[in-house]
Every structure is written in structure tokens, then in C-alpha cells.
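Please look over the model below before reading my comments. I have set them out as numbered points, in the order in which I would raise them with a colleague.

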Amino acid sequence: MNFIQYTAVCAAMVGLSGCSSSVDDYQGTTPEFKLKEYFSGNVTAWGIVQDINNKTTRRFCVDIIGTWQGDSGKLHETFYYADGETQIRQWQLNIQQDGTVTGSAGDVIGQASGEANGMSFNWHYTLRVPVDDSEFDLKVDDWMYMLDEKRMMNRSYMSKLGIGVAEISIFFDKTEPLRKCQ
């Protein structure tokens, strides 16, 4: 290996390590993310979808209603896209004894899983996404960050075969009086 190759490998290793993060990176940060507390009752969020070239391809508003019985919860999400499409997703969530979370929804393949630490929550799942006459199963690496007690930011990284294909940014707000999508 010559110097140029060695430098390129080192740069790639530094770049790769700089791209990965863990919920452990947020240990001790506040306000603490509490899934059941934040997603109880009504929440409204606004978001954008960006393609691989960072072009915004869709905008949406979503009304969310969260209900819980013990550590089992349901999130009813109604998405209103700027292009007129309306989509409903219903999550079934379960908080495990160790604090990790599992979940399922109609367009989620298999089981979603996640965990919180400090102000963050990392959620992983495979989402079946219809595109024209086809469907694609995309891996979603979902990061939620509490901004304060009422507002939260979400960044979702969607990939296919390990290659990034889209990113979603969502701002959640449950400040009273709550603003609804419609």
C-alpha cells in the first residue's frame, strides 16, 4: 500500500466513524425523551421528504393521536401531503421491561425496534413504500431529539441495500393551543 492509498483508507475510516452515532452519545442530555409521555394525546408535526440529491420532493403535515394502556400504546397518524394525498399509519407499540421499544404498523415489514437515551430516541424498521406501480422495502434509521418539553425534531434516513435514497425531517409540536393540520 502506497502513501496515497494509505491516506485514502485513513480518510475513509475517519469519515465512516464520524457518520455513525449511538443513543449512548446522548447519555445525560435533557429534556429526557419519554415515548409514552410525549406521544400521549394529540401531537401535530410538519415534515419534508428529500431525495438523494437533497431536493425536497414532498411536504406534509401529520396529526397524531397516542393512547396507552400500561406499556402498550397505539399511535394513529394521519398524513396530509401537499399534493393532496392522505395516508393513515397505525403503530402498535410496546415498551419492554428493559426500556427498549418494539412496534408494528401495516406498512412496516417485520418488527420495528428502538431505544431512548437522554434527549434522543433511535427507531429502526423496514418500510414498504409504493412508488408508481412498484413497492420498495426501505430501511429507516429514525432519530428523534427533544428540543424542549413540547417540541421535538425527527431525522429519518432511508436506504436500500445500504445506499441512502431519501431523508425526512419532521418537527413535532404539542404546544397548547395545539394547531391541527386541517
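This is a predicted model: local features need pLDDT of at least 70, side-chain atom pairs count only at pLDDT 80 or more; totals for chains, interfaces and linings use all residues.

1. Residues are numbered from 1 along each chain as its sequence is written, and side-chain values use heavy atoms, with hydrogens and water left out.

2. On the fold: the secondary structure comes to two helices and 10 strands, where helices (H or I, at least four residues) and strands (E, at least two) are DSSP runs numbered from the N terminus. Along the sequence the pattern reads α-α-β-β-β-β-β-β-β-β-β-β. Of the contacts (heavy atoms within 4.5 Å) between residues at least 6 apart in sequence, 38% join residues at least 24 apart.

3. On burial and surface: buried residues make up 37% of the 182 residues, with buried meaning under 20% relative accessible area, exposed over 50%, and partly exposed in between (1.4 Å probe, protein chains only). The protein exposes about 10900 Å², of which carbon and sulfur atoms supply 52%; accessible areas come from the Shrake-Rupley method with a 1.4 Å probe, and for residues only the protein chains shown count as cover.

4. On the salt bridges: the structure holds eight of them, a salt bridge being a side-chain nitrogen of Lys or Arg within 4 Å of a carboxyl oxygen of Asp or Glu. In one of these, the side chains of Arg58 and Glu85 meet at 2.7 Å, N to O. Arg58 lies in strand β2 (residues 56–69) and Glu85 in the loop between β3 (72–81) and β4 (86–95), so the pair ties together parts that are 27 residues apart in sequence. Arg58 is partly exposed at 26% relative accessible area, and Glu85 is likewise partly exposed at 36%. Arg58 and Glu85 also belong, with Asp83, to a network of salt bridges.

5. Arg89 is buried, with a relative accessible area of 10%.

6. Glu167 is in strand β10 (residues 163–173) and Arg155 in strand β9 (residues 151–160), 12 residues apart. Glu167 is partly exposed, at a relative accessible area of 24%.

7. On Asn42: this residue is found in strand β1 (residues 41–51) and is partly exposed, with a relative accessible area of 36%. Leaving aside neighbours within four places in sequence, Asn42 is in contact with Ile64, Ile65, Lys174, Leu178 and Lys180. Asn42 and Thr67, 25 residues apart in sequence, are 9.2 Å apart in space, C-alpha to C-alpha.

8. On Asp24: buried or exposed? Asp24 is exposed, with a relative accessible area of 54%, and is found in the loop between α1 (3–19) and α2 (35–38).
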